[in-house]
Amino acid sequence: VQLQASGGGLVQAGGSLRLSCTASERCVMGWFRQSPGKEREFVAAISCAGGSPVYAESVKGRFTISRDNAKNTVYLQMNSMKIEDAAEYYCAARPSRVTVLTSDSRRYNLWGRGTLVTVSS
């Protein structure tokens, strides 16, 4: 099983971008990001078991994570983007049968290649 993130690109500050992550039947899926010189940070996570997704404070109200189970795809809709949102974005999955959300990247055991998001002023 491999994860494949896509949808990155160049966007102006204030603009929108939607990322997609395909090929996973895992229940808990998350998005993380990493900027040069910084540690990887949590962005958002969603569970197949219902309940509300969780978001990092820095993106709350601007980003929305969603999933299409029929397509095994998770999306990250990013609106009102800021310069500081620029990063390599990664999707990740928690182990099968796990339904609990977490922002701890160590709890995710399947990672896809990143997709680069650049935000211009």
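Modeller: S35 has 17% relative accessibility and counts as buried. This is a predicted model, in which local features need pLDDT of at least 70, side-chain atom pairs count only at pLDDT 80 or more, and totals for chains, interfaces and linings use all residues. Residues are numbered from 1 along each chain as its sequence is written, and side-chain values use heavy atoms, leaving out hydrogens and water.

Colleague: Why is S35 called buried?

Modeller: Buried means under 20% relative accessible area, exposed over 50%, and partly exposed in between, with a 1.4 Å probe and protein chains only. S35 is at 17%, so it counts as buried.

Colleague: What does the side chain of S35 reach?

Modeller: The backbone oxygen of A86, at 3.0 Å. A polar contact is a pair of N or O atoms within 3.5 Å; within protein, one must be able to donate a hydrogen and the other to accept it, and residues adjacent in sequence count only if both atoms are side-chain atoms.

Colleague: Where does S35 lie?

Modeller: In the loop between β4 and β5. Strands are DSSP runs of E with at least two residues, numbered from the N terminus.

Colleague: How do you know that β4 and β5 pair?

Modeller: Pairing requires at least two bridges found by DSSP between two strands. Five bridges join β4 (residues 29–34) to β5, and the two run antiparallel. W31 has A44 as its bridge partner in β5.

Colleague: What makes β5 largely enclosed?

Modeller: Five of the six residues of β5 (residues 41–46) are buried, so the rest of the structure largely encloses this strand.

Terms used
Helices (H or I, at least four residues) and strands (E, at least two) are DSSP runs, numbered from the N terminus.
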